[in-house]
Amino acid sequence: MVNILFADRPEMWSDYAPHLRRALDAEGLTHAVIAPEMEPQDVDYIVYAPSSFVQDFRPYTRLKGVMNLWAGVEDVIGNETLTAPLMRMVDPGLTDGMVQWVLAHTLRHHMDIDTHIHGQDGEWRSGRAMTPLMSRRKVGILGLGELGGACGAALAGLGFQVMGWSRSAKDVPGVTNYTGEDGLNEVLRNAEILILLTPLTSKTENLLNAERLSRMPKGAFVLNPGRGGLVDDAALLAALDSGAIAHATLDTFRVEPLPPEHAYWSHPRVTVTPHIASETRSDTASEQIAANIARCERGEPFLYVVDRTDL
């Protein structure tokens, strides 16, 4: 018998239950039991949301692995009671959703669409500078993991000049890869549109601070669908106020929901989207979860295991 605890909000169970059952059966795990309640000592695997009722993993004495439902792991990685392997959520649906959001807002800023959407005032603005071709637009991506790599390949496929920065060298079609502090400087110095998709760790907290913002081309755009903690909010607001940064489109924040009184809501050069860039989809996510559990039951290593020494 394989026992799987679904640890998320009750309303999520009704969404996931049929997809998880179907995916487990497809992997030959017809005998597996999955439920939103289970005695801790009987649990083999946990399908996990960091905001769930499970915060102390010590009672789960036969736990083999934890399948994170969120793309980010920063909310669980510091939990010292978790000693079993932790798996990232690498969901094709999540990746596709992120690519769509990034493409949409990159093209929006590239083509200066906001000027016309917000300019329905009778003024004929044909004298504005011509939008450059995509082949002349330099786009930078900080973070070339599963999501950043997919976004970089998609942008390069459209014809943008894409530069990517990552901790270690990556091979992404059409993307020039940089590493290290010198590489980060090169991307920042050239990126007219900068996209933040690096994980949030102790090393990337406030990655985009005042000093690094000052290295960017005047009038550049910032997109953050990654993690709110990657941005020094005060520094970004100052750069927007001065015009050094033309606009910031932000999907993730340090506090969510973003408080109504936060300066981002009313700033004319900020677009807030409510953490919708990419969401885990229950059908495709269930397939990844079931496949990983099946691997473990066959004696094979898990996929997408979080390397905690690198965070």
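Reader: What percentage of the 311 residues of the protein chain count as buried?

Author: Of the 311 residues, 49% count as buried. The term has cut-offs: buried means under 20% relative accessible area, exposed means over 50%, and partly exposed lies in between (1.4 Å probe, protein chains only). One caution: this is a predicted model, where local features need pLDDT of at least 70, side-chain atom pairs count only at pLDDT 80 or more, and totals for chains, interfaces and linings use all residues. Residues are numbered from 1 along each chain as its sequence is written, and side-chain values use heavy atoms, with hydrogens and water left out.

Reader: What makes the protein chain as compact as a globular protein of its length?

Author: Start with its elements: the chain has 9 helices and 12 strands. These are DSSP runs, numbered from the N terminus: helices are H or I with at least four residues, strands are E with at least two. The radius of gyration is 21 Å, close to the 19 Å that the globule rule gives for 311 residues, so the chain is as compact as a globular protein of that length. The radius is taken over C-alpha atoms, and the rule is 2.2 Å times the number of residues to the power 0.38. Along the principal axes, the C-alpha atoms fill a box of roughly 70 × 40 × 35 Å.

Reader: What share of the contacts comes from residues 24 or more positions apart?

Author: They account for 61% of the contacts with a separation of 6 or more. Contact here means heavy atoms within 4.5 Å.

Reader: Why is aspartate 44 called buried?

Author: Its relative accessible area is 4%. That is under 20%, so aspartate 44 is buried. Aspartate 44 sits in the loop between β2 (33-35) and β3 (45-48). Leaving out residues up to four places away in sequence, it touches Met1, Val2, Asn3, Arg62, Leu63, Lys64 and Gly65.

Reader: How do you know that the side chain of aspartate 44 makes a polar contact with the side chain of arginine 62?

Author: The distance is 2.9 Å. A polar contact is a pair of N or O atoms within 3.5 Å; within protein, one must be able to donate a hydrogen and the other to accept it, and residues adjacent in sequence count only if both atoms are side-chain atoms. The pair therefore meets the distance limit. The aspartate 44 side chain also reaches the backbone nitrogen of asparagine 3, at 2.8 Å.

Reader: Why does aspartate 114 count as buried?

Author: Aspartate 114 has 17% relative accessibility, so it falls under the 20% limit. It belongs to helix α3. Its side chain and that of arginine 108 are joined by a polar contact of 2.7 Å. Beyond its neighbours within four places in sequence, aspartate 114 is in contact with Arg108, His109, Gly119 and His247.

Reader: Why is glutamine 120 called exposed?

Author: Its value is 68%, which is over 50%, so glutamine 120 is exposed. The residue is in the loop between α3 (113-117) and β6 (138-142). Its side chain still reaches the backbone oxygen of histidine 116, at 2.4 Å.

Reader: What makes histidine 267 buried?

Author: A relative accessible area of 12% does, because the limit is under 20%. Histidine 267 lies in the loop between α8 (263-266) and β12 (270-272). Setting aside neighbours within four places in sequence, its contacts are Leu237, Leu240 and Asp241.

Reader: Why is histidine 275 called partly exposed?

Author: At 30%, histidine 275 lies between the 20% and 50% limits, so it is partly exposed. Its place is the loop between β12 and α9 (282-297).

Reader: Which residues does a cis peptide bond join?

Author: It joins glutamate 256 and proline 257, with omega about -5°. Proline 257 is in the loop between β11 (245-250) and α8.
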